[in-house]
Amino acid sequence: MVRFESVGLRYGQAAQAEPEVLQDLSFVIPEGGFRWLLGPSGAGKTSLLRLMYLAVRPTRGRLSILGADIERAERRALPGLRRRIGVVFQDFRLLSHLSAYDNVALPLRLAGRPEGQIRADVMEMLRWVGLLDKLAARPAQLSGGEQQRVAIARAVICRPRLLLADEPTGNLDEVQAERLMQLLKEMNRIGTTVVVATHNDAMVARHVARSLRLDHGRLVSA
Amino acid sequence: MARPSRRRRALLRPAGFDELGLRRALSDRMLPFLVAAMAFLAALAFAGAVGAASLAHHWREGAGASLTVQVPHGEAPATGQAGTRLAAVVALLRGTPGIREARALTDDELAELLRPWLGSGVERLSLPLPAVVQVRLADASTELGGLAPRLEAAAPGTLVESHGVWIGRLTALARSLQACAGVALVVVAAVASAVIAVATRAGLAARREAIEIVHGLGATDSYIAARFASRATLLAGAGGLVGAVAALPVLLELASLATPFAGLQPDDATQGGLGVLPPVLWLALPGLPLAAAAIGFLTAQGTVRRWLRRLP
């Protein structure tokens with residue numbers, strides 16, 4: 001479950017604080033829920049996702065992610081929580097010096113999974129995203145769509161409880177975008193909470209679900 | 001499921017999986033070279049400390065544990081007893097607890113002793129030279145407070161010359177040399193640590209994005225710090241090994257030059273054997289790579305953990 005209660009976020013040190021990029025956000029996404037995250041550029045969608053994947057802590061208010069109070073959680077408690085959250089970034093954020101296989105295997109290795117148990121899961125995941133023939137390729141050797149699929153495989157290989165995607169279809173053609181949506185919905189069907197930030201109105205129209213709409217850092221509809 | 005080719009399988013899990021790309025970020029060129037230079041200097045500083053300690057020991061155990069007794073008119077009859085004044089003094093010394101040996105120098109030895117000041121043929125100068133007794137103490141710390149009056153009673157005018165004052169000064173000199181070498185060792189270790197810290201910070205800056213990605217995927221501070229520490233330990237250890245090996249021939253040469261001061265026979269040096277190096281240096285040299293590796297590990301751990309605190 002994700003719970004925001006009067007959450008505000010500002011970047012920078014307190015002494016030279018910037019204006020709040022997110023203001024008074026209050027909403028709940030139940031476990032297994034699916035939400036579109038909508039709004040114009042600069043509305044605060046990426047900042048909201050950053051709060052959810054624990055890249056920043058709220059400046060004020062109460063934030064609960066997967067049952068943990070983030071504003072009060074000790075720093076050492078966060079890595080374990082992060083391993084239960086999968087993220088698909090707009091710019092993929094793959095490690096350029098690693099192969100597709102190693103990029104996908106990374107979360108399992110970070111979780112301390114024995115090497116012998118990793119291979120089968122990674123191969124299955126690469127097969128799922130249709131990249132079994134590209135497992136040794138580095139990101140630079142892959143197309144934008146292929147990199148996106150590697151990023152998705154990495155995000156879901158640990159079977160996260162919360163899956164976040166920031167403009168996941170931005171680099172994909174219609175067919176690939178539709179295929180990605182099917183993957184996300186499949187994850188959602190097996191109980192993963194999914195939040196997808198997008199500008200793709202057609203996609204939103206085709207896959208009807210509840211949405212969170214932001215404008216100038218405020219939630220205008222939920 | 002399609003089966004990957006043999007080549008692809010080989011690429012699946014390269015040996016020494018380097019998820020942060022530290023092989024490029026922490027280069028195996030500059031850091032080991034600098035650590036090798038530090039290790040080389042540390043070896044010289046440590047050898048200096050060992051040499052100074054050895055000199056101090058020899059001085060204390062040699063001159064510090066000896067006395068020189070001058071007996072004027074040594075061949076004259078002793079006061080109130082049979083025999084010469086010299087024989088009486090020698091007998092008294094040999095009977096004193098704490099004295100291991102008392103031996104009167106021969107005329108030839110006396111002439112040899114004076115040769116630097118009076119030249120050869122001292123015996124032809126007919127100078128009234130005192131008899132000289134060389135005394136070896138059982139221990140450098142032996143106290144012989146009542147000896148001088150007793151010698152004076154047996155042979156008036158007898159002088160006891162203890163080497164304690166100038167031995168004390170030389171020992172203080174040796175200790176100050178040891179302290180300087182110790183300070184040099186500390187400075188070298190600090191510089192090595194600073195070099196490793198700078199290299200680690202450069203690595204952190206170069207791999208910032210990769211670190212943030214791995215951190216976001218749930219890597220703990222310990223995990224990330226361990227990757228850096230592992231790399232820094234390897235490079236610093238390698239540098240320490242190179243420095244220690246490079247220092248060995250230099251130390252052997254220096255030890256050969258210092259042989260006369262270390263109480264060894266000149267033959268030991270001319271043979272050029274490895275035995276001229278004190279055993280403690282043979283123990284310290286293999287310890288240098290280990291010390292460098294330990295400095296690398298601790299510095300990298302501290303630097304990375306401090307840096308990671310800026311991440312949430």
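Helices are DSSP runs (H or I) of at least four residues, numbered from the N terminus. The model shown in every view is predicted.

**View 1. Helix α3 of chain A is largely enclosed by the rest of the structure.** A residue counts as buried if 20 or more other C-beta atoms lie within 10 Å of its own. Among the buried residues of α3(A) are A:Ala100, A:Val104, A:Leu106, A:Leu108 and A:Leu110. The buried set also includes A:Asp102, A:Asn103 and A:Arg109. Just after α3(A), A:Gly112 has a positive phi of about 80°.

**View 2. Helices α3 and α5 of chain A pack with their axes 7 Å apart.** Helix α5(A) covers residues 144-156, and the angle between α3(A) and α5(A) is about 25°. Angles under 35 degrees count as roughly parallel, and α3(A) and α5(A) are therefore described as roughly parallel to each other. Their crossing is right-handed. On the α3(A) side, the residues in contact are A:Ala100, A:Asn103, A:Val104, A:Leu106 and A:Pro107. They meet A:Val150, A:Ala153 and A:Arg154 of α5(A). By class, the residues of this contact are six nonpolar, one polar and one charged. An α-helix has 3.6 residues a turn, so residues three or four places apart point the same way.

**View 3. Chain B and chain A meet in a contact that takes 19 residues from chain B and 28 residues from chain A.** On the side of chain B that touches chain A, the elements giving two or more residues are α1(B), residues 6-12, and α8(B), residues 208-216. Helix α8(B) supplies the largest share of that side, four residues. The side of chain B that touches chain A comprises 12 nonpolar, four polar and three charged residues.

**View 4. B:Leu277 sits in the loop between α10 and α11 of chain B.** Helix α10(B) runs over residues 266-270 and α11(B) over residues 279-308. B:Leu277 counts as partly exposed because it has 18 C-beta neighbours inside 10 Å; a buried residue would need 20 or more. Setting aside neighbours within four places in sequence, B:Leu277 is in contact with B:Leu251, B:Leu252, B:Ala255 and B:Trp282. B:Ser126 is 151 residues from B:Leu277 along the chain, and their C-alpha atoms are separated by 48 Å.

Key
Residues are numbered from 1 along each chain as its sequence is written. Chains are lettered from A and ligands numbered from 1 in the order in which they are written. This is a predicted model: local features need pLDDT of at least 70, side-chain atom pairs count only at pLDDT 80 or more; totals for chains, interfaces and linings use all residues. A residue is buried if 20 or more other C-beta atoms lie within 10 Å of its own, exposed if 12 or fewer, and partly exposed in between; C-beta atoms are placed from the backbone. Axes are lines fitted to C-alpha atoms, for helices over the stretch in contact, and angles run from 0 to 180 degrees between N-to-C directions. Angles under 35 degrees count as roughly parallel, over 145 as roughly antiparallel, 65 to 115 as roughly perpendicular and the rest as oblique. A crossing is left-handed if the near helix is turned anticlockwise from the far one by less than a right angle, and right-handed if clockwise. Two residues are in contact if their C-beta atoms, placed from the backbone, lie within 7 Å. Ala, Val, Leu, Ile, Met, Phe, Trp, Tyr, Cys and Pro count as nonpolar, Asp, Glu, Lys and Arg as charged, and the others, Gly among them, as polar.
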